[in-house]
Amino acid sequence: MRWSQGDFAAERERMVARQIAARGIADPRLLAAMRAVPREEFVPDHLRARAFDDSPLPIGAGQTISQPYIVALMIEAARLGPSDRVLEIGAGSGYAASVMAELAERVFAVERHAVLAERAAARIERLGYANLSIVVGDGTEGLPNEAPFDAILVAATGPDVPEVLLEQLAEGGRLVMPVGAAHGLQSLIRMTRLGPDRFERADLGGVRFVPLIGAHGFREE
Ligand code: SAH
């Protein structure tokens, strides 16, 4: 089957209306970003026809591109502003990072699987997101040289929020991350930095993510 750009634009409109706006996400900048980023470019070729399914999809190395609604939910929770510096841990396909690159000033996205990071970087270069950098490594250490960040999004579940990431949040900054069992029940947590040693913790509800593997996450299985 052959697809035209127009087909995909219409599919993205439908995805935003039915899966995202209909579930209560209202921020117009975020909805516009999700209409603009070509999700079909972030899935393997043989899954293009399913790029707008209401579910995660495999992207190789045993990992997934998150469900569109979950991407929107996390980004909304992080309350990104146009002048924000953002860190994503778990770049995967680079899709969520690209949506954030539409909304923030500068985005760094760390991925531990080199093969996924290379593919993501090639896509991002092709699509022209000049304010987005993909970095290979263990994101549980953060990126101390680029800190502080106004927002940190972790796209994989850890046993708890790593202290070292909280230290890299700017005052007023938000960290959004699933916390819980590696293959069980998880809660989406938002930590807001109110002061040097003051954080507000909010539980945003149940989610399901792949495990965060690293020095301040789970061990390799
Ligand atoms: N945001 C991605 C989906 C990510 S799935 C997208 O839009 O496509 C979670 C990703 O986190 C996986 O690719 C996994 O390899 C990665 N990951 C797990 N532990 C990590 C760590 N310690 N550092 C960096 N990436 C990690």
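In this predicted model, helix H3 has Pro68, Tyr69, Ile70, Val71, Ala72, Met74, Ile75, Ala77 and Ala78 as buried residues. The helix is thus mostly covered, with nine of its eleven residues buried. The largest nonpolar core holds 52 residues, and those that touch the most other members are Met34, Ile75, Tyr95, Val99 and Leu153. Helix H3, which spans residues 68–78, gives the most to this core, with eight residues. Another core lies apart from it and is made up of 19 residues, including Leu87, Ala156, Leu165 and Val179.

Leaving aside residues up to four places away in sequence, Tyr95 touches Met15, Met34, Val37, Arg39, Phe42, Ile65 and Val71. Val71 is among the buried residues of H3, and Met34 is listed with Tyr95 among the core residues that touch the most other members.

A search for aromatic pairs over the whole structure finds three. One of them is formed by Phe42 and Tyr95 in an edge-to-face arrangement, with 5.6 Å from centre to centre and 70 degrees between the planes. This pair links distant parts of the chain, as its two residues are 53 residues apart. Phe42 lies in the loop between helix H2 (28–36) and E1, and Tyr95 lies in helix H4 (residues 95–103). Both Phe42 and Tyr95 are buried. Phe108 and Phe149 also form a pair, and because their ring centres are 6.3 Å apart and their planes stand at 70 degrees, the pair is edge-to-face. Here too distant parts of the chain are linked: Phe108 belongs to strand E4 (residues 106–111) and Phe149 to strand E6, 41 residues apart. Phe108 has a relative accessible area of 5% and is therefore buried. Phe149 counts as buried because its relative accessibility is 0%.

The ligand is surrounded by 26 residues, of which the closest are Ser93, Glu111, Asp138, Gly139 and Ile213. For Asp138, a polar side-chain atom lies 2.8 Å from a nitrogen atom of the ligand. Glu88 places an N or O atom of its side chain 2.9 Å from a nitrogen atom of the ligand. In the case of Gly90, a polar backbone atom is 3.1 Å from a nitrogen atom of the ligand. The ligand exposes 590 Å² when taken alone, and the protein buries 99% of that.

Backbone geometry was considered next. Most residues other than glycine have a negative phi, and most peptide bonds are trans. Ala61 is not a glycine, yet has a positive phi of about 55 degrees. Ala61 sits in the loop between strand E1 (57–60) and strand E2 (63–65). Its relative accessibility is 39%, so Ala61 counts as partly exposed. Arg79, also not a glycine, has a positive phi of about 50 degrees. With a relative accessible area of 48%, Arg79 is partly exposed. The peptide bond from Ala147 to Pro148 is cis, with omega near 5 degrees. Pro148 is placed in the loop between strand E5 (132–136) and strand E6 (149–154).

Arg174 is located in strand E7 (residues 169–180). Arg174 counts as buried because its relative accessibility is 10%, under the 20% limit for buried residues. Its side chain is joined to that of Asp84 by a polar contact of 2.9 Å. The side chain of Arg174 also reaches the backbone oxygen of Gly172, at 3.1 Å. Not counting residues up to four places away in sequence, Arg174 touches Ala78, Arg79, Leu80, Asp84, Asp150, Ala151, Ile152, Leu169, Arg190, Met191 and Thr192.

Key. Residues numbered from 1 in each chain as written. Predicted model: local features only at pLDDT ≥ 70, side-chain atom pairs only at ≥ 80, totals over all residues. Heavy atoms only, no water. Core = buried A, V, L, I, M, F, W, Y, C linked by side-chain atoms within 4.5 Å. Buried < 20%, exposed > 50% of the residue type's maximum accessible area, 1.4 Å probe, protein only. Helix = DSSP H or I, 4+ residues; strand = E, 2+ residues; numbered from the N terminus. Contact = heavy atoms within 4.5 Å. Near = heavy atom within 4 Å. Polar contact = N/O pair within 3.5 Å; in protein donor to acceptor, adjacent residues only side chain to side chain. Areas by Shrake-Rupley, 256 points an atom, 1.4 Å probe, with all protein chains shown as cover. Phe/Tyr/Trp six-rings, centres within 6.5 Å; stacked < 30°, edge-to-face > 60°.
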